[in-house]
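Student: I would like to learn how to read a structure at the level of its features. Could we go through one together?

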Amino acid sequence: MAMGGGRQKIASMVPHLVKTLRKQPPSPTTTNHTLPSLRRTFSLYDQINLIDAVPDDQLRFQGYSDTGFTINGTIYEGSLLIVENKIMTWAPKKFSDITPQSLSIFQVVRPVPEILILGCGRNIFPVDPELRRFIRSTGMKLEAVDSRNASSTYNILNEEGRHVAAALLPYGVES
């Protein structure tokens, strides 16, 4: 019963507290609002360069073309594999070349990235069930999108400090 009486006392004080707060002018600290994150304001599909302050040791996609990508001011031609903020050339030239063997590095990389972003080229293609099983067996989640959005998604997740990997075909690849 004592607990119920305490609740009633608190409930009876709420209207008085609300009136008191309405009479007080807002304090200067309550008028300063944090600006929303650009990552949340703009769609991932609008642009790649959403984040300006990126530590020197992090990779950041700054652009893409039909034949490659611009990362941290350097142009890379062809398909790329990015693991632990390291860029590697990647053998697949078209979507059908992406196999468990082409991603076998993830059997030995530690720590295992939490997500693999697969850039399919210009279009999104269904991922072969065998490839999905392989990626799942490594402990990673898979996000398959076109390469433009894959590079943007990589920027955001990497900036957030997430363990992310990317396997990207150039945007000009259509099959």
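**Reading the pocket, the cores and the surface**

Tutor: Let us begin with the largest pocket, which is lined by Q58, E84, N85, P111, P113, Y154, N158, G161, R162, H163 and V164. This is a predicted model, in which local features need pLDDT of at least 70 and side-chain atom pairs count only at pLDDT 80 or more, while totals for chains, interfaces and linings use all residues. Residues are numbered from 1 along each chain as its sequence is written, and side-chain values use heavy atoms, with hydrogens and water left out.

Student: How much space lies in the largest pocket, and how do its lining residues divide?

Tutor: Rolling a probe the size of a water molecule over the atoms shows where empty space is left. On a 1 Å grid over the protein atoms alone, a pocket is an open set of points where a 1.4 Å probe fits, with protein on both sides within 12 Å along at least five of seven lines, and lining residues have an atom within 4 Å of a point. Here the largest pocket holds about 150 Å³, and its lining comprises 4 nonpolar, 5 polar and 2 charged residues, where Asp, Glu, Lys and Arg count as charged, Ala, Val, Leu, Ile, Met, Phe, Trp, Tyr, Cys and Pro as nonpolar, and the others, Gly among them, as polar.

Student: What is the mean pLDDT of the protein chain?

Tutor: The pLDDT is the predictor's confidence in each residue, from 0 to 100. The mean for the protein chain is 80, and 68% of its residues reach 70 or more, but over residues 26-52 the pLDDT is below 50. Where pLDDT is low, the predicted coordinates should not be read in detail.

Student: Which residues touch the most other members of the largest nonpolar core?

Tutor: A nonpolar core is a set of buried (under 20% relative accessible area, 1.4 Å probe, protein chains only) Ala, Val, Leu, Ile, Met, Phe, Trp, Tyr and Cys residues joined through side-chain atoms within 4.5 Å. Of its 22 residues, W90, I98, L103, F106, L116, L118 and I135 touch the most other members, and helix 4 gives the most to this core, with 3 residues.

Student: Is K141 buried or exposed?

Tutor: K141, found in strand 7 (residues 141-145), is exposed, because its relative accessible area is 61% and exposed means over 50%. Leaving out residues up to four places away in sequence, K141 touches E114, I115, L116 and I135, a contact being heavy atoms within 4.5 Å.

Conventions
Helix = DSSP H or I, 4+ residues; strand = E, 2+ residues; numbered from the N terminus. Points joined across faces, edges and corners; volume = space filled by probe spheres on them.
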